[in-house]
Amino acid sequence: MMTDNKILPIVSVLIIGMLLIWYVFKYVGNKKYRAKQLPQQGLIQSVLQQKVAFFQKLQASAQNEFIERVQYFLATTKISAEKGATITDTDRILVAASATIPLFHFSQWSYENLDEVLIYPGTFNEKYDIEALDRVVLGMVGEGVMNRKMILSLDSLRAGFTDHAANGNTAIHEFVHLIDKADGDIDGVPSYLIPKDLVQPWLREMHKTINAIRHDRSDIRDYAATNEAEFLAVVSEYFFQKPKQLQEDHPELFELLNEMYNRAEKDAK
């Protein structure tokens with residue numbers, strides 16, 4: 001005979017199960033669910049509130065949605081410590097927050113071109129060597145045998161969410177590359193984000209700004225002038241981390257990015 005005390009836990013389990021299924025079908029994708037990797041919601045909220053400025057500026061209802069999306073990413077994307085790195089749930093939450101920020105204002109989203117994020121302890125080179133003298137890479141979207149994987153330096157992941165992240169946010173940077181790659185080419189024109197009528201204005205502003213950077217007439221860091229793909233990733237970091245400063249210093253660029261990422265003012269406090 002089943003008592004009321006036994007029924008309640010079963011009902012709770014059923015409700016949780018239904019919510020997990022809802023997460024999977026609410027957000028587009030056929031990714032494998034990895035529920036064992038999911039940290040407690042209270043920890044997720046605490047980490048976001050303490051370390052993620054983007055989250056802190058959202059209204060309460062938007063914060064709840066952000067947490068749901070972080071949970072979805074953690075539940076569907078493997079995050080692995082590699083080459084001697086030691087990671088915590090806080091680090092995993094920061095990875096998921098970095099993935100969520102660029103696509104937060106899209107009602108349908110999923111990183112279908114990503115299965116796993118590999119966390120290295122520090123810098124590495126293009127051959128994934130963490131001891132080589134030329135190890136200067138902080139993050140990378142994998143190609144070839146590393147396709148559908150992303151590599152992030154643990155040091156740079158954490159540094160991107162400090163109060164004074166002088167060198168930008170490597171994790172956001174790499175997720176923007178992944179979004180850019182979704183249409184097949186990492187070329188600075190993410191078809192997944194940018195409407196067709198915005199492509200030419202974006203290209204004009206991008207090339208104008210790259211030229212200004214190369215002639216020391218811009219405060220945007222030099223790496224943005226490497227190529228169009230790096231320009232998109234760098235200015236996206238700027239947009240999400242210092243939106244007010246970008247709007248003041250580069251209003252045309254800000255407006256284009258604002259339209260591209262659909263950064264709704266109603267979500268800001």
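**Close-up views of the predicted model**

**View 1. Lysine 83 lies in the loop between β1 (78-81) and α5.** Helices (H or I, at least four residues) and strands (E, at least two) are DSSP runs numbered from the N terminus. This is a predicted model, in which local features need pLDDT of at least 70 and side-chain atom pairs count only at pLDDT 80 or more, while totals for chains, interfaces and linings use all residues. Residues are numbered from 1 along each chain as its sequence is written, and side-chain values use heavy atoms, with hydrogens and water left out. Although lysine 83 is not a glycine, its phi is positive, about 55 degrees. Most residues other than glycine have a negative phi. With a relative accessibility of 42%, lysine 83 counts as partly exposed; the class lies between buried (under 20% relative accessible area) and exposed (over 50%), for a 1.4 Å probe and protein chains only.

**View 2. Aspartate 216 sits in the loop between α8 and α9.** Its phi is also positive, near 55 degrees, in a residue other than glycine. Aspartate 216 counts as exposed, at 67% relative accessibility.

**View 3. Helices α8 (residues 196-214) and α9 (residues 228-241) cross at roughly 90 degrees.** Their axes, lines fitted to C-alpha atoms over the stretch in contact, with angles from 0 to 180 degrees between N-to-C directions, come within 11 Å. The two helices are therefore roughly perpendicular to each other; that class covers 65 to 115 degrees, with under 35 roughly parallel, over 145 roughly antiparallel and the rest oblique. From α8, Trp202, Met206, His207, Thr209, Ile210 and Ile213 meet Glu228, Phe231, Leu232 and Val235 of α9, contact meaning heavy atoms within 4.5 Å. These residues divide into 7 nonpolar, 2 polar and 1 charged (nonpolar: Ala, Val, Leu, Ile, Met, Phe, Trp, Tyr, Cys and Pro; charged: Asp, Glu, Lys and Arg; polar: the others, Gly among them).

**View 4. Leucine 198 belongs to helix α8.** Its relative accessible area is 5%, so leucine 198 is buried. Not counting residues up to four places away in sequence, leucine 198 touches Leu256, Glu259 and Met260. Leucine 256 is 58 residues from leucine 198 in sequence, and the C-alpha atoms of the two are 7.7 Å apart.

**View 5. Helix α2 (residues 41-51) has the buried residues Ile44, Val47 and Leu48.** Seen down the axis of α2, these fall within an arc of 95 degrees, so they line one face of the helix; the arc is that of the directions from the helix axis to the C-beta atoms. The face turned away from the buried side carries the exposed residues Gly42 and Gln50. Among the elements that cover the buried residues of α2 are α3 (53-56), α4 (60-76) and α5 (89-103).

**View 6. The largest nonpolar core has 71 residues.** A nonpolar core is a set of buried Ala, Val, Leu, Ile, Met, Phe, Trp, Tyr and Cys residues joined through side-chain atoms within 4.5 Å. Leu48, Phe66, Phe73, Tyr111, Val117, Phe175 and Trp202 touch the most other members. Apart from neighbours within four places in sequence, phenylalanine 66 is in contact with Leu48, Phe54, Phe55, Leu58, Ala97, Thr100, Ile101 and Phe104. Tyr120, Val137, Met140 and Ile151 are included in a second, separate core of 7 residues. Buried residues make up 49% of the 269 residues in the protein chain.
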